[in-house]
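Please examine the structure shown below together with its sequence.

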Amino acid sequence: MTTIDPASLRSLLDKNCVACHSARIKSGGVSLQGTDLSDLAKNPATWERAVRKTRAGMMPPAGSPPIAPDVRESFAAGLETELDRHAVLQLPPPGLHRLN
């Protein structure tokens with residue numbers, strides 16, 4: 001299980017993503033500039049999309065400086081772990097289901 005450090009994530013985003021995903025440019029309708037990284041579950045759709053596009057090799061796009069494969073994998077795995085951790089916390093307790 002890979003965890004993600006908010007400071008490391010901020011560094012990676014600022015170096016590789018914010019040039020296109022800034023508050024001004026907002027490529028794909030997404031701004032990662034100044035995003036609160038201490039709670040990724042505040043915007044799970046954005047981060048799920050980031051995981052999918054990163055794993056598919058769509059981010060960073062062609063022509064942009066590449067991210068090393070191990071760093072890219074660690075980034076995606078860390079995001080998935082954090083998002084999954086939050087999703088599990090949203091599930092109802094096991095065995096407590098309403099019967100209609």
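In this predicted model, the largest nonpolar core comprises 17 residues. Leu9, Leu13, Trp47 and Leu79 are the members with the most contacts inside this core. Helices H1, H2 and H3 each contribute at least two residues to it, and the largest share, 4 residues, is supplied by H3.

Leaving aside residues up to four places away in sequence, Leu9 touches Ile4, Leu37, Leu40, Phe75 and Leu79. Of these partners, Leu79 is itself among the core residues with the most contacts.

The account now turns to helix H2, which consists of the 12 residues 44-55.

Which residues of H2 are buried? They are Trp47, Ala50, Val51 and Thr54. Because these buried residues fall within an arc of 100 degrees when H2 is seen down its axis, they line one face of the helix. The covering over them includes helix H1, residues 6-16, and helix H3, residues 69-89. On the face of H2 turned away from this buried side lie the exposed residues Ala45 and Arg52.

Just after H2, the chain reaches Gly57, which takes a positive phi of about 80 degrees.

Technical notes: Residues numbered from 1 in each chain as written. Predicted model: local features only at pLDDT ≥ 70, side-chain atom pairs only at ≥ 80, totals over all residues. Heavy atoms only, no water. Expected span 1.5 Å × (residues − 1). Buried < 20%, exposed > 50% of the residue type's maximum accessible area, 1.4 Å probe, protein only. Arc of directions from axis to C-beta. Contact = heavy atoms within 4.5 Å. Core = buried A, V, L, I, M, F, W, Y, C linked by side-chain atoms within 4.5 Å.
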